[in-house]
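Me: Could you help me see how the words used for a structure follow from its numbers? I would like to go through a few of them.

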Amino acid sequence: MKTIRASVIFSTYNQTDWLEKVLWGYEQQTCADFELIIADDGSTAETAQLIKRFQAEGKLNMIHVWHEDQGFQKSAILNKAILASNSDYLIFSDGDCIPRRDFVETHLQHRKPGHFISGGYFMLPMDTSKAITKADVVKGYAFDKNWLYAHGLKQTYKTLKLSARGWKAEFLNWITPTKASWNGHNSSGWKADLVAANGFDERMQYGGQDRELGERLVNAGIKPIQLRYSAVCVHLDHPRGYKNQASIDKNMAIRKHTRNSGKTRTEHGIAS
């Protein structure tokens, strides 16, 4: 049986156009010995059909984890995906983030016991997101600033996230004022550490639930590694109808308690 060095986990919900683009990205990875676990937060049959088509093509080792639609329950479906994983190292992203071809390899190269990785993402506008085709992913155009500028992206210094390589990327990782945190678009860690933390807090809907997990890991002595300019994905634009201030406020209160109490494990996670 082929060794699986990593389990890549990402969530999705009724976004088949974006999901297809993301799966094209995982087909292009320079490192192939990973499994892909799609944490489906209650999508309709259209998503399952798309996944089955990619499974039939056989380029990706895929697992589809699904539960019934009960509103925004990303934390719960991610916990189910953690349990379904078959590797000791887990990479997390989202179903609207196309990974650069070195995405998995970069996470694996920098993994380190007692640490988790905080990667970066580059936000695209809607017109640019729609313009990306399979050929653009295969040829790497979706990560090329000149192609992006030609397809709706406004001029910005932030394209350094896409163009920096080697020592330049390492230097930018070092000098960035952005704090290395667990973010849902691009982070990774050891399965044993995530299970010890009891996974994501299932009380939390949209708004900081990923960061709260990272705060518990830090409380447990797990240190973050900043790879904002090395581990890269492009984030496709979409509406956020699930965003609401009540959820954000509730989550901020939970995060504040986590930081102030020093807690390392949630009572509302994988094992509740």
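Reply: Happy to, and here are a few questions with their answers. This is a predicted model, where local features need pLDDT of at least 70 and side-chain atom pairs count only at pLDDT 80 or more, while totals for chains, interfaces and linings use all residues. Residues are numbered from 1 along each chain as its sequence is written, and side-chain values use heavy atoms, with hydrogens and water left out.

Me: Why does Ser43 count as buried?

Reply: Buried means under 20% relative accessible area, exposed over 50%, and partly exposed in between (1.4 Å probe, protein chains only). Ser43 has 5% relative accessibility, so Ser43 counts as buried.

Me: What makes the link between the side chains of Ser43 and Asp40 a polar contact?

Reply: The term asks for a pair of N or O atoms within 3.5 Å; within protein, one must be able to donate a hydrogen and the other to accept it, and residues adjacent in sequence count only if both atoms are side-chain atoms. Ser43 and Asp40 are joined at 2.7 Å, and this is a polar contact.

Me: Which residues of helix H9 are buried?

Reply: Helices (H or I, at least four residues) and strands (E, at least two) are DSSP runs, numbered from the N terminus. In H9, residues 166-175, the buried ones are Ala169, Leu172 and Asn173.

Me: Why are they said to line one face of the helix?

Reply: Seen down the axis of H9, the buried residues fall within an arc of 105°, so they line one face; the arc is that of the directions from the helix axis to the C-beta atoms. Trp167 and Trp174, on the other side of H9, are exposed.
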